[in-house]
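Please look over the sequence and the structure below.

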Amino acid sequence: MSHTVAVSGASGYAGGEVLRLLIAHPEVEIGAITAHSNAGERLGALQPHLHALADRVLSETTAEVLSGHDVVFLALPHGASGALAAELESRSPSTLVIDAGADHRLESAQAWEQFYGSPHAGTWPYGLPELPGQRRQLEGASRIAVPGCYPTTCLLALAPGFTAELLEAQDVVIVAATGTSGAGKSLKPHLLGSEVMGSMSPYGVGGGHRHTPEIEQGLSQAAGEPVTVSFTPTLAPMPRGILATATARIKPGVDAGRVRSAWEQAYAAEAFVHMLPEGQWPSTQSVLGSNHVVMQLAVDAHAGRVIVSAALDNLTKGTAGGAIQSMNLALGLAEQTGLNQQGTAP
């Protein structure tokens, strides 16, 4: 049985990536494709790589257009999903709504208002199946909040250590580099090619990045106690990909063998998360275009810390691939359906 799917924000990077993956999904039929300022334009003029849908014309993003589908993906800027989702609830209550934006990720209304500056829209089941217990929340869900791309990387990198009670909850430090697509498709002077080529720069320094409370929320749930994170994102001169280096203090008496065993056990049965053999370190190129995550760790005995490096594609596993993986679980499909793409090289 085919499921009808609508995609909003289809002219942007996230919406385009959702469509790229859905085209190859054997269990869905793509219905309405919508945008805001680009409504009325051919998709092929805005997403020229989506040849199978090139002649489709973008509709307005309204609840009326989106309702009636089995699944709706909201690939919208933060603050834009809440009201639309509420209207969809009244018009089409049986529709599975998957929010690829930030509106429904945080549990704390105070944190949302502090970092996003608008009223909190509520909290939906979190679309990161690899976290302990998360698949049960996604199976049969009617509403799903897709994690941010940085939180997906950082939570997968450190959650096994907190779940196994091997790490201290304070003094967690994460530095992560991302490609420019993470900032979206709208024109920004600091993202011009001449500004980013051959250069790296930090931003959101000093706890100011909006993904910080989301990372702390996920790690605190894994640890069973509040976890404090110092998170510094950096902009790298590449279109897509994230490489995060996360460090945390190891509890007294924990040795390197126990640390590695915790990560290997956590991901041994996971189709999309891979612990690399010792001595092999992750690169963003190896996961481009795929729903896969690669990681490696080392224990710095001198500093008493674990160092975990993890790489993923911010548009695929970090957004669209994670969304479709969660959709599969909610619809009762095999979790890997439509997500068999491997990385590209060179």
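Helix H1 covers residues 13-23, and its buried residues are Gly15, Gly16, Glu17, Val18, Leu19, Leu21 and Leu22. Here buried means under 20% relative accessible area, exposed means over 50%, and partly exposed is in between, with a 1.4 Å probe and protein chains only. Helices (H or I, at least four residues) and strands (E, at least two) are DSSP runs, numbered from the N terminus. The model is a predicted one, in which local features need pLDDT of at least 70 and side-chain atom pairs count only at pLDDT 80 or more, while totals for chains, interfaces and linings use all residues. Residues are numbered from 1 along each chain as its sequence is written, and side-chain values use heavy atoms, with hydrogens and water left out.

What covers the buried residues of H1? The cover includes strands E1 (3-8), E2 (28-35) and E4 (71-74), together with helices H2 (43-46) and H11 (316-331). The axes of H1 and H11 come within 9 Å and cross at roughly 50 degrees. Axes are lines fitted to C-alpha atoms, for helices over the stretch in contact, and angles run from 0 to 180 degrees between N-to-C directions. H1 and H11 are therefore oblique to each other. Angles under 35 degrees count as roughly parallel, over 145 as roughly antiparallel, 65 to 115 as roughly perpendicular, and the rest as oblique. The crossing of H1 and H11 is right-handed. A crossing is right-handed if the near helix is turned clockwise from the far one by less than a right angle, and left-handed if anticlockwise.

On the H1 side, this contact is made by Ala14, Glu17, Val18, Arg20, Leu21 and Leu22, and on the H11 side by Thr316, Thr319, Ala320, Gly321 and Ile324. Contact means heavy atoms within 4.5 Å. By class, six of these residues are nonpolar, three polar and two charged. Ala, Val, Leu, Ile, Met, Phe, Trp, Tyr, Cys and Pro count as nonpolar, Asp, Glu, Lys and Arg as charged, and the others, Gly among them, as polar. An α-helix has 3.6 residues a turn, so residues three or four places apart point the same way.

Helix H7 (149-163) packs against H9 (residues 212-223) at an angle of about 20 degrees, with their axes 9 Å apart. That makes H7 roughly parallel to H9. The crossing of H7 and H9 is right-handed. H7 brings Pro151, Cys154, Leu155, Leu158, Ala159, Phe162 and Thr163 to the contact, and H9 brings Glu214, Ile215, Gly218, Leu219, Ala222 and Ala223. These residues divide into 10 nonpolar, two polar and one charged.

H7 also meets helix H10 (residues 256-267), where the axes come within 8 Å and cross at roughly 115 degrees. The crossing of H7 and H10 is right-handed. Leu155, Leu156, Ala157, Leu158, Pro160 and Gly161 of H7 touch Ala262, Trp263, Ala266 and Tyr267 of H10. The contact of H7 with H10 has nine nonpolar, one polar and no charged residues.

The loop between H7 and strand E7 (172-178) holds Glu165, and Asp171 is found in that loop too. Most residues other than glycine have a negative phi, and most peptide bonds are trans. Glu165, however, has a positive phi of about 60 degrees, and phi of Asp171 is near 65 degrees. Is Glu165 buried or exposed? Glu165 is exposed, with a relative accessible area of 56%, whereas Asp171 is partly exposed at 34%. A polar atom of the Arg305 side chain lies 2.7 Å from the backbone oxygen of Asp171. At 13% relative accessibility, Arg305 counts as buried. Not counting residues up to four places away in sequence, Arg305 touches several residues, including Val172, Thr247 and Ile250.

The segment after H11 contains Glu335 and Pro346. Glu335 is buried, with a relative accessible area of 16%. Leaving out residues up to four places away in sequence, Glu335 touches Pro129, Arg135, Phe272, Gln325, Asn328 and Leu329. Pro346 is joined to Ala345 by a cis peptide bond, with omega about -5 degrees.

Conventions
A polar contact is a pair of N or O atoms within 3.5 Å; within protein, one must be able to donate a hydrogen and the other to accept it, and residues adjacent in sequence count only if both atoms are side-chain atoms.
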